[in-house]
Amino acid sequence: MKLLEQRILRDGKVKGTDILKVDSFLNHQMDVKLFAEIGKEFKRLFADCDVNKILTIEASGIGIACITAQFFDCPVIFAKKSQTKNIAGDVYTSKVTSFTHGRVYDIMVAKEFLGPSDKVLVIDDFLANGAALEGLFDVIDQAGAQLVGAGICVEKAFQPGGDMLRKKGYRIESLARVQSMDEEHGVKFVD
Ligand code: 5GP
């Protein structure tokens with residue numbers, strides 16, 4: 001998606017060799033007009049999938065998922081992150097290793113919001129090693145729901161998550177695929 005690529009080139013900041021900061025329009029301050037274009041594109045890509053739920057993970061996926069959900073006319077569920085072992089209630093849980101913080105945390109979704117009649121689209125801001133998506137896919141599997149695929153804003157294609165998940169047969173649609181990046185040369189996208 002050219003609009004997102006151009007915005008990354010203009011306002012994204014590369015930290016070290018593997019972190020792209022997009023705080024001015026995606027992760028902290030949010031450009032909701034850009035989100036609307038992103039949501040429209042996800043709707044175009046997954047138009048025929050009868051999506052009736054969108055699943056994301058807190059915190060930075062929530063804004064994008066909510067704007068996207070308006071185009072699918074469906075609710076959004078966000079998986080909650082928890083570092084405690086005492087997960088209360090009737091919930092699906094899975095373990096995720098955080099790319100940005102390097103810790104393992106539990107994610108949870110209440111059983112009442114996800115079940116076998118659901119066709120679920122997963123939305124997230126970034127795809128790096130694929131741990132966040134694997135955790136969300138695991139929760140969908142536990143619920144007996146149908147996963148239609150994942151819509152990702154920025155895939156760092158030089159990291160293994162995208163290839164690994166596509167090889168497993170999952171449908172992953174990324175709007176901007178970063179081929180390489182560094183502080184000196186900036187970001188290059190996959191053609
Ligand atoms: P993964 O689980 O695929 O390794 O990493 C995905 C998660 O880590 C995303 O939910 C995102 O919040 C965070 N993340 C991974 N790489 C980056 C990055 O380069 N920049 C930012 N802002 N977040 C990232």
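I began with Cys-49 in this predicted model and found it buried, with a relative accessible area of 16%, where buried means under 20% relative accessible area, exposed over 50% and partly exposed in between, with a 1.4 Å probe and protein chains only. Cys-153 is in no disulfide, and its nearest cysteine sulfur, that of Cys-66, is 13 Å away; Cys-153 also counts as buried, at 0% relative accessibility.

I then looked up disulfides, taken as pairs of cysteine sulfur atoms within 2.5 Å, and the structure holds 0 of them. For Cys-49 the closest cysteine sulfur, in Cys-74, is 12 Å away and therefore too far for a bond.

Sources: the model is predicted, so I noted that local features need pLDDT of at least 70 and side-chain atom pairs pLDDT 80 or more, while totals for chains, interfaces and linings use all residues. Residues are numbered from 1 along each chain as its sequence is written, and side-chain values use heavy atoms, leaving out hydrogens and water.

A polar backbone atom of Gly-130 is 2.7 Å from a ligand oxygen, a backbone N or O atom of Ala-132 lies 2.8 Å from a ligand oxygen, and a polar side-chain atom of Asp-125 lies 3.4 Å from one. The protein buries 89% of the 500 Å² that the ligand exposes when taken alone, with areas from the Shrake-Rupley method and a 1.4 Å probe; for residues, only the protein chains shown count as cover.

Conventions
Polar contact = N/O pair within 3.5 Å; in protein donor to acceptor, adjacent residues only side chain to side chain.
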